[in-house]
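Thanks for coming. Please have the sequence and the model open as I talk.

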Amino acid sequence: MLGLTAADQCSDEEVARQIHEKGAQNVIVTLGEGGAMIVNDTLCMKVPGIQVQAVDTTGAGDTFSIMDDIFNKRYLTVKHPGKSKYIK
């Protein structure tokens with residue numbers, strides 16, 4: 001999609017911004033224990049990870065996807081009206 005190779009030295013933010021420039025409204029990057037980052041027209045925000053004692057990581061991606069929906073519905077619609085994928 002971006003034409004990058006493993007040898008390219010790009011930060012997570014740079015890659016997210018390039019994806020956003022290709023047309024993605026909100027780009028969310030998971031950073032493992034480092035948390036996550038969202039990039040859109042008005043925002044580049046890192047959300048720190050929460051220290052937990054993981055017992056089983058089954059469903060972690062599903063849980064993250066649900067939190068993405070909650071973020072879009074609650075945070076973006078209140079703090080950044082018109083920036084949520086749920087608002088036309």
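The structure holds 1 salt bridge, a term that here means a side-chain nitrogen of Lys or Arg within 4 Å of a carboxyl oxygen of Asp or Glu. Before I name the pair, a word on the source: this is a predicted model, in which local features need pLDDT of at least 70 and side-chain atom pairs count only at pLDDT 80 or more, while totals for chains, interfaces and linings use all residues. Residues are numbered from 1 along each chain as its sequence is written, and side-chain values use heavy atoms, with hydrogens and water left out.

Which residues form the salt bridge? Glutamate 13 and arginine 17 do, and their closest N and O atoms are 3.0 Å apart. Both sit in helix 1, residues 12-21, and since they are 4 residues apart there, about one helical turn separates them. When I say helix or strand, I mean a DSSP run numbered from the N terminus: H or I over at least four residues for helices, E over at least two for strands. Glutamate 13 is partly exposed, with a relative accessible area of 30%, and arginine 17 is partly exposed at 35%. On that scale buried means under 20% relative accessible area, exposed means over 50%, and partly exposed is in between, with a 1.4 Å probe and protein chains only.

Another residue of helix 1 is glutamate 21. Glutamate 21 is exposed, with a relative accessible area of 67%.

Now the overall layout. The protein chain has 2 helices and 3 strands, and from the N terminus on the elements run α-β-β-β-α. Of its 88 residues, 20% are buried.

The 3 strands form an open sheet in the order 1-2-3, with antiparallel pairing; two strands pair if DSSP finds at least two bridges between them. Strand 1 and strand 3, residues 44-47, are at the edges with a single partner strand each, so one side of each has no neighbour in the sheet. On average, neighbouring strands are turned by 15° against each other, direction ignored, where axes are lines fitted to C-alpha atoms, for helices over the stretch in contact, and angles run from 0 to 180 degrees between N-to-C directions.

Let me take the strand pairs in turn. Strand 1 and strand 2, residues 36-39, run antiparallel and are joined by 4 bridges. The bridge partner of valine 27 is valine 39, that of isoleucine 28 is isoleucine 38, and that of threonine 30 is alanine 36. The hairpin of these two strands has 5 residues between the strands, and glycine 32 takes a positive phi near 60° there.

Strand 2 and strand 3 are also antiparallel and joined by 4 bridges. They form a hairpin with 4 residues between them. Valine 39 stands opposite cysteine 44 in strand 3.

Which way do the side chains point? In a regular strand the side chains alternate between the two faces of the sheet.

What makes up the largest nonpolar core? Its 5 residues are Ala16, Val27, Val29, Met37 and Val39. The elements giving two or more residues to this core are strand 1 and strand 2. A nonpolar core is a set of buried Ala, Val, Leu, Ile, Met, Phe, Trp, Tyr and Cys residues joined through side-chain atoms within 4.5 Å. Leaving aside residues up to four places away in sequence, valine 29 touches Asp12, Ala16, Gly35, Ala36 and Met37, a contact being heavy atoms within 4.5 Å.

Two last items. A search of the whole structure finds 0 disulfides, that is, pairs of cysteine sulfur atoms within 2.5 Å. Cysteine 10 is partly exposed at 33% relative accessible area, and cysteine 44 is partly exposed at 32%.

Finally, isoleucine 50 lies in the loop between strand 3 and helix 2, residues 60-79. Is isoleucine 50 buried or exposed? It counts as exposed, at 73% relative accessibility. Isoleucine 50 and glutamate 33 are 17 residues apart in sequence and 7.3 Å apart in space, C-alpha to C-alpha.
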